[in-house]
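Let us learn to read a protein model, one feature at a time. Keep the structure in view as you go.

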Amino acid sequence: MRRRIYDADHEAFRETVRTFLHKEVLPHYEQWEKDGIVSRDAWRAAGRQGLLGLAVPEEYGGGGNPDFRYAAVLAEEFTRAGAPGLAIGLHNDIIGPYLTSLGTEEQKRRWLPGFCSGETITAIAMTEPGAGSDLQGIRTTAEDRGDHWLLNGSKTFISNGILADLVVVVAKTTPEGGAHGLSLLVVERGAEGFERGRNLDKIGQKSQDTAELFFNDVRVPKENLLGELNGAFVHLMTNLAQERMGIAMAAITAAEHLLEITTTYVKEREAFGRPLSKLQHIRFEIAEMATECAVTRTFLDRCITDHANGELDHVHASMAKWWATELQKRVADRCLQLHGGYGYMTEYRVARAFTDGRIQTIYGGTTEIMKEIIGRSLLG
């Protein structure tokens, strides 16, 4: 089915993204995978190409275009290229809205130009060793010391954790914490007492640096409070829908691309003297995955359109995230199976897609959390 959500400007932007990927990302990607981190040069190149801060107002160095469909194009092209390591979606779509919607004028002028140029790489630190998807369980504390906050605690599984120059930290600013006692504090590179742990060794997305962060009596200036004091819970809930949409968009694109690769493979690969595609079981597998992808894509495109118009609610974003990521996981598994032994070889795209994509049902809120959100909306 022909997609109807993009116009000529979006497709022109798609060509820009593809050119950037072929010139600045794909020639270096294998080395980044070995290194466990991408080059900062790639971030600066993305800034020069205008791929960072798409929705940031022009006065701060951004693109000045809030149309979420451009973010969707970015997610689709990076996914098709198999290059999740350069976490532009995290930077643009998750952290960017916190800075633009919550930042003071002084904060915007201090942080956003570097954000858009690629000189300032960002991360958000929510997850803790003992509190995964449960924000109520956060233990990191920030004590009011008059002219600064004294930050203590640790975070884990932080994407961009090694490279990040600005880290938005979720911390308790009341003894109780929870829904009415969390705040967002921005910790800058070089702050005394701010330490990075190891670059975590993951089964996939090797080039995406994911780290442990430690805060030991870190003095955070009062002017680095982002948003309302004790208002982090509401701020986080407001922006999680967009984060989940970003993950869902990558998920359906990954599933579609794996299906394309596998369809070509079974036409060429022979067994028992004929192509695999001549076997009824193979045709049924392809038919089922194609139908599931088509139905999911239709729903996702509607969600993208609604979000671009400011109409998407958190329940439908949770539906999109749950359904698309679980579909990606199923499709990756089935496509690897259809590749046989070759599917287990890292030189084949399907093998890396299998390991790179496995995190999709976990981060941004697990599938189980998505179902809880949906269920509560229906049953109270």
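This is a predicted model: local features need pLDDT of at least 70, side-chain atom pairs count only at pLDDT 80 or more; totals for chains, interfaces and linings use all residues.

Q: How do the axes of H4 and H8 cross, and within what distance do they come?
A: Find the two helices first. H4 covers residues 68-80 and H8 covers residues 280-308. Their axes come within 8 Å and cross at roughly 140 degrees. An angle over 145 degrees would count as roughly antiparallel. The crossing at roughly 140 degrees therefore makes H4 oblique to H8.

Q: Which residues of H4 and H8 meet?
A: Look at each side in turn. H4 brings Phe68, Arg69, Ala72 and Glu76. H8 brings Arg297, Ile304, His307 and Ala308. Now sort the residues of this contact by class: four are nonpolar, one is polar and three are charged.

Q: How many cavities of 30 Å³ or more does a search of the whole structure find?
A: Start with the general idea. Rolling a probe the size of a water molecule over the atoms shows where empty space is left. Here the search finds one cavity of 30 Å³ or more. About 60 Å³ of space lies in the largest cavity.

Q: Which residues line the largest cavity?
A: The lining consists of Thr325, Gln328, Lys329, Ala332, Ala353, Phe354, Gly357 and Arg358. Helix H9 (314-338) and helix H10 (349-356) are the elements that give two or more residues to this lining. H9 gives the most, with four residues. By class, the lining of the largest cavity has three nonpolar, three polar and two charged residues.

Q: What lines the second largest pocket?
A: Take its volume first: about 410 Å³ of space lies in the second largest pocket. Its lining has 21 residues, and Met1, Arg3, Glu256, Arg297 and Asp301 lie nearest the centre. Arg297 is also one of the H8 residues that meet H4.

Q: Which helix gives the most to the lining of the second largest pocket?
A: H8 does, with seven residues. Helix H1 (8-25), H4, helix H7 (232-268) and H8 each supply at least two. By class, this lining has five nonpolar, two polar and 14 charged residues.

Q: How many aromatic pairs are there?
A: A pair of aromatic rings is described by the distance of the centres and the angle of the planes. The count here comes to six aromatic pairs. Take Phe194 and Phe215: their ring centres are 5.3 Å apart and their planes are at 10 degrees, so the pair is stacked.

Q: Where do Phe194 and Phe215 lie?
A: Phe194 lies in strand E6 (residues 194-199), and Phe215 lies in strand E7 (residues 210-221). The pair therefore ties together parts that are 21 residues apart in sequence.

Key: Residues are numbered from 1 along each chain as its sequence is written. Side-chain values use heavy atoms; hydrogens and water are left out. Axes are lines fitted to C-alpha atoms, for helices over the stretch in contact, and angles run from 0 to 180 degrees between N-to-C directions. Angles under 35 degrees count as roughly parallel, over 145 as roughly antiparallel, 65 to 115 as roughly perpendicular and the rest as oblique. Contact means heavy atoms within 4.5 Å. Ala, Val, Leu, Ile, Met, Phe, Trp, Tyr, Cys and Pro count as nonpolar, Asp, Glu, Lys and Arg as charged, and the others, Gly among them, as polar. On a 1 Å grid over the protein atoms alone, a cavity is a set of points where a 1.4 Å probe fits but cannot get out, and a pocket is an open set with protein on both sides within 12 Å along at least five of seven lines; lining residues have an atom within 4 Å of a point. Grid points are joined across faces, edges and corners, and a volume is the space filled by probe spheres set on the points. Rings of Phe, Tyr and Trp (its six-membered ring) pair if their centres lie within 6.5 Å; planes under 30 degrees apart count as stacked, over 60 as edge-to-face and the rest as tilted.
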